[in-house]
Amino acid sequence: LAGATPRPFHVGVLWDRDAAFAVPLLGALRRAGHCIGDNLPYSLRHPARYTLERHGEAWGRHHVGLEVRQDLLLAAGGVPRWARVVGDALAAAGGTL
């Protein structure tokens, strides 16, 4: 938001009941040196979790939501950089399942 204090989190990992994927993903992103929000800046804990419930839990899939700070994506080279960061962390976390 214009004039608002910037969020400290580079990425927010948003989840509800399925810690089996969320916790390893949080760890992988933190080990890579990033400031990570655990259900921050938003929480997807019930009741505000329709997407996770509908597309993850209902199918028995491991699932999380991700919120990457927009200013980091808009910086020069931001999208490819964060695609690598998130991709590497997803691969690391997925290897723990």
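Predicted model: local features only at pLDDT ≥ 70, side-chain atom pairs only at ≥ 80, totals over all residues.

User: Ok, which residues in the largest nonpolar core touch the most other members?

Analyst: Val-13, Leu-25, Leu-29 and Val-64 do, in a core of 18 residues. A nonpolar core here is a set of buried Ala, Val, Leu, Ile, Met, Phe, Trp, Tyr and Cys residues joined through side-chain atoms within 4.5 Å. Buried means under 20% relative accessible area, exposed means over 50%, and partly exposed is in between (1.4 Å probe, protein chains only).

User: And which element gives the largest share of this core?

Analyst: H1 does, with six residues. Helices (H or I, at least four residues) and strands (E, at least two) are DSSP runs, numbered from the N terminus.

User: What is Val-13 in contact with, leaving aside neighbours within four places in sequence?

Analyst: Its partners include Ala-22, Leu-25, Leu-29, Ile-36 and Val-64. Contact means heavy atoms within 4.5 Å.

User: New topic. How do H1 and H4 pack?

Analyst: Their axes are 8 Å apart, at an angle of about 130 degrees. Axes are lines fitted to C-alpha atoms, for helices over the stretch in contact, and angles run from 0 to 180 degrees between N-to-C directions. H1 and H4 are therefore oblique to each other; under 35 degrees would be roughly parallel, over 145 roughly antiparallel, 65 to 115 roughly perpendicular, and the rest is oblique.

User: Which residues meet there?

Analyst: Among them are Phe-21, Pro-24 and Leu-25 in H1, and Val-85, Ala-89 and Leu-90 in H4.

User: How many salt bridges does the structure hold?

Analyst: Three. A salt bridge is a side-chain nitrogen of Lys or Arg within 4 Å of a carboxyl oxygen of Asp or Glu. One joins Arg-7 and Glu-67, at 3.8 Å from N to O. Arg-7 lies in the segment before E1 and Glu-67 in strand E3, 60 residues apart.

User: What about Arg-69, buried or exposed?

Analyst: Arg-69 is buried, at 16% relative accessible area. Arg-69 meets Asp-71 in a salt bridge at 2.7 Å, N to O, and Asp-71 is partly exposed at 43%.

Note on methods:
Residues numbered from 1 in each chain as written. Heavy atoms only, no water.
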